[in-house]
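Biologist: I am new to this one. Please show me the model, and then I will ask about the terms.

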Amino acid sequence: MLGIAAVVDLVLALRVRPNVRIDAPAEVFVGQTAALTIECNRELQGVEVAVDWPGGLTPEPREAGMDGAFLSVPFRGVRRGMWEIGAIWLTWPSRFALFELVPSVTPELSVAVVPDIRPVQSGEITVRVKSELYGVKENALIGEGSEFHQLRDFVPGMDIRSIDWKRSARHRSLVAKDMRAERNHHVVVCVDCGRLMREEIGGLPKLDHAINAALALAWASAVGGDLTGFFAYDARPRIYAPPEPGRLAFARIRSLSAEIDYAGAEANHTLAFAELNARSPRRSLLVVFSDFVDTTTAELLVENLGVLARRHAILFVAIRDPDEAKVGAGAAVGLDDVARAVVRADALAERRRVLEALNRLGITVLDCAPGTVTTRVISAYLDLKLREVI
């Protein structure tokens with residue numbers, strides 16, 4: 001009877017051959033969660049799925065969701081590039097649960113993982129930049145800019161220093177100059193692509209956090225009326241795009257940043273910054289995304305940034321690991337806990353010394369957690385622009 005049941009179960013299972021259609025989004029932002037959709041021509045019970053994921057895609061911990069004949073498999077983009085999805089195995093039990101069917105499908109699907117520009121698409125950066133540079137805050141800073149905007153009649157309550165006495169004598173009435181912050185500055189985004197930037201923090205490499213923030217800054221710079229350039233380096237300079245006006249510069253920088261590979265070589269700051277200094281004769285705002293381990297490896301970084309600071313305004317952005325501060329932070333129970341606490345304190349002290357050395361050179365320093373890089377970089381850019389540091 002068991003043999004007869006097995007034969008009947010096998011015949012029924014072989015008769016049920018569902019047609020499967022697999023679909024995936026063509027493009028996913030790095031760090032974004034998407035779903036692989038598997039559609040069958042009939043509803044199956046107890047279906048499980050296994051996917052041969054490429055290196056740039058990783059499955060999400062939550063289970064795949066089944067809705068009738070549709071199966072959704074969540075995944076996350078963790079590395080930029082074009083990734084091809086490998087074989088997919090579907091598993092479901094037979095009618096009498098005596099067999100388990102495991103057909104495999106090899107879809108010809110590719111998913112492009114690109115830098116995250118969701119803050120740009122949402123319009124949040126545009127609204128913020130326009131409100132701070134051209135809205136209420138600009139009116140509060142009248143008279144502190146260096147670029148002439150317009151003439152207006154002087155009224156009580158205005159700053160007396162804004163009166164243009166020559167034009168007032170010509171018009172025989174008091175006329176004040178309306179000033180605003182200068183525009184058309186050069187802003188060059190410099191991204192270190194060396195070995196240290198491959199460290200994964202918050203689910204993404206530091207390099208991807210830097211590129212996402214760099215693209216947001218490029219968009220803010222374009223909205224703010226400045227010219228934006230791009231520079232990437234590791235053991236030698238890799239990419240250089242001269243500053244360009246408008247939003248076309250953002251599109252160019254986005255295309256160039258998508259081509260940056262995860263290098264394993266140590267960054268050569270001396271060669272890179274010498275090249276950048278030669279290519280930037282005009283005073284510019286250089287936004288440097290880089291990292292260091294200790295004071296010894298940071299000596300060349302500090303020395304070369306000091307040379308650049310003589311001509312340019314520099315914003316240095318480092319991305320710290322928030323988990324490092326938790327190591328050895330609790331109550332020490334044994335000698336191992338004491339050793340971890342001592343190592344942690346020494347590492348934080350060395351990092352603080354390097355950042356203070358950069359600050360003494362007149363460099364604006366940001367030491368950001370992964371989730372705050374974009375916000376703090378744009379805030380620092382707007383602050384430097386309104387104070388006319390460039």
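Modeller: Two strands pair if DSSP finds at least two bridges between them. Strands (E, at least two residues) and helices (H or I, at least four) are DSSP runs, numbered from the N terminus. Asp-192 stands opposite Tyr-233 in E18. This is a predicted model, where local features need pLDDT of at least 70, side-chain atom pairs count only at pLDDT 80 or more, and totals for chains, interfaces and linings use all residues. Residues are numbered from 1 along each chain as its sequence is written, and side-chain values use heavy atoms, without hydrogens and water.

Biologist: What makes E15 and E18 a pair?

Modeller: Seven bridges join E15 (residues 186–192) to E18 (residues 227–233). Pairing asks for at least two, so they pair. The two strands run parallel.

Biologist: Why are E19 and E22 said to stand at the edges?

Modeller: The open sheet has six strands, in the order E19-E18-E15-E20-E21-E22, with mixed pairing. E19 (237–244) and E22 (364–368) each have a single partner strand, so one side of each lacks a neighbour in the sheet.

Biologist: What makes H9 a helix that packs on the sheet?

Modeller: Helix H9 (residues 299–309) touches E20 (285–289) and E21 (313–319). Contact means heavy atoms within 4.5 Å. The direction of H9 makes about 150 degrees with that of E21. Axes are lines fitted to C-alpha atoms, for helices over the stretch in contact, and angles run from 0 to 180 degrees between N-to-C directions.

Biologist: Which helix lies across E21 and E22?

Modeller: Helix H10 (residues 335–360) does, running at about 150 degrees to E22.
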